[in-house]
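Student: I'm new to this one. Can we go through its charged pairs together?
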Amino acid sequence: MVKQISLDSWQIHHLSELLKKGSLVVAKTNSPIVLYRQTLEEEDSSYEEIVCTLTKDYVVEQLVTSGGVLPPSFKQQFVFTLDEFPDRLLRKSRDLFLQTVDLLEDQLK
């Protein structure tokens, strides 16, 4: 149990550092980084998905509905600081957490 807590805290710290580096890139390029897209529901040609992006100082998670005859609409929007997000993401999904770490490591090489 103690080893797992230590690993989790290291992973949270590592993602936090990657987010800070990514935030600097976003500030220079003025273009957000999409951390992940997760389709929740798909029906005919419309769908509902979560889009998570890294901005200059925040991580924004949005629930978007679009497709078909539906114009894109934002059902929910959550804004996290760079320090809040890693712990929240780890509790939400370990797979998304690792996917986000991999994406940022690749983009920030």
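This is a predicted model: local features need pLDDT of at least 70, side-chain atom pairs count only at pLDDT 80 or more; totals for chains, interfaces and linings use all residues.

Student: How far apart are N and O in the salt bridge of glutamate 61 and arginine 88?
Tutor: The N to O distance is 3.2 Å. Glutamate 61 is in strand 3 and arginine 88 in helix 2, so this pair ties together parts that are 27 residues apart in sequence.

Student: Is glutamate 61 buried or exposed?
Tutor: Buried. Its relative accessible area is 4%, and the cut-off for buried is under 20%.

Student: New topic. How many salt bridges are there?
Tutor: The count is seven.

Student: What does arginine 94 pair with?
Tutor: Aspartate 8. Their closest N and O atoms are 3.2 Å apart. Arginine 94 sits in helix 3 and aspartate 8 in helix 1, so the pair links parts 86 residues apart in sequence.

Student: And is aspartate 8 buried or exposed?
Tutor: Aspartate 8 is buried, at 18% relative accessible area. Arginine 94 is partly exposed, at 36%.

Student: What about lysine 20, which partner does it have?
Tutor: Aspartate 83, with the closest N and O atoms 3.5 Å apart. Lysine 20 is in helix 1, and aspartate 83 is in the loop between strand 4 and helix 2, so parts 63 residues apart in sequence are tied together.

Student: Is aspartate 83 buried or exposed?
Tutor: Exposed, with a relative accessible area of 53%. Lysine 20 is partly exposed, at 35%.

Notes:
Residues are numbered from 1 along each chain as its sequence is written. Side-chain values use heavy atoms; hydrogens and water are left out. A salt bridge is a side-chain nitrogen of Lys or Arg within 4 Å of a carboxyl oxygen of Asp or Glu. Helices (H or I, at least four residues) and strands (E, at least two) are DSSP runs, numbered from the N terminus. Buried means under 20% relative accessible area, exposed over 50%, partly exposed in between (1.4 Å probe, protein chains only).
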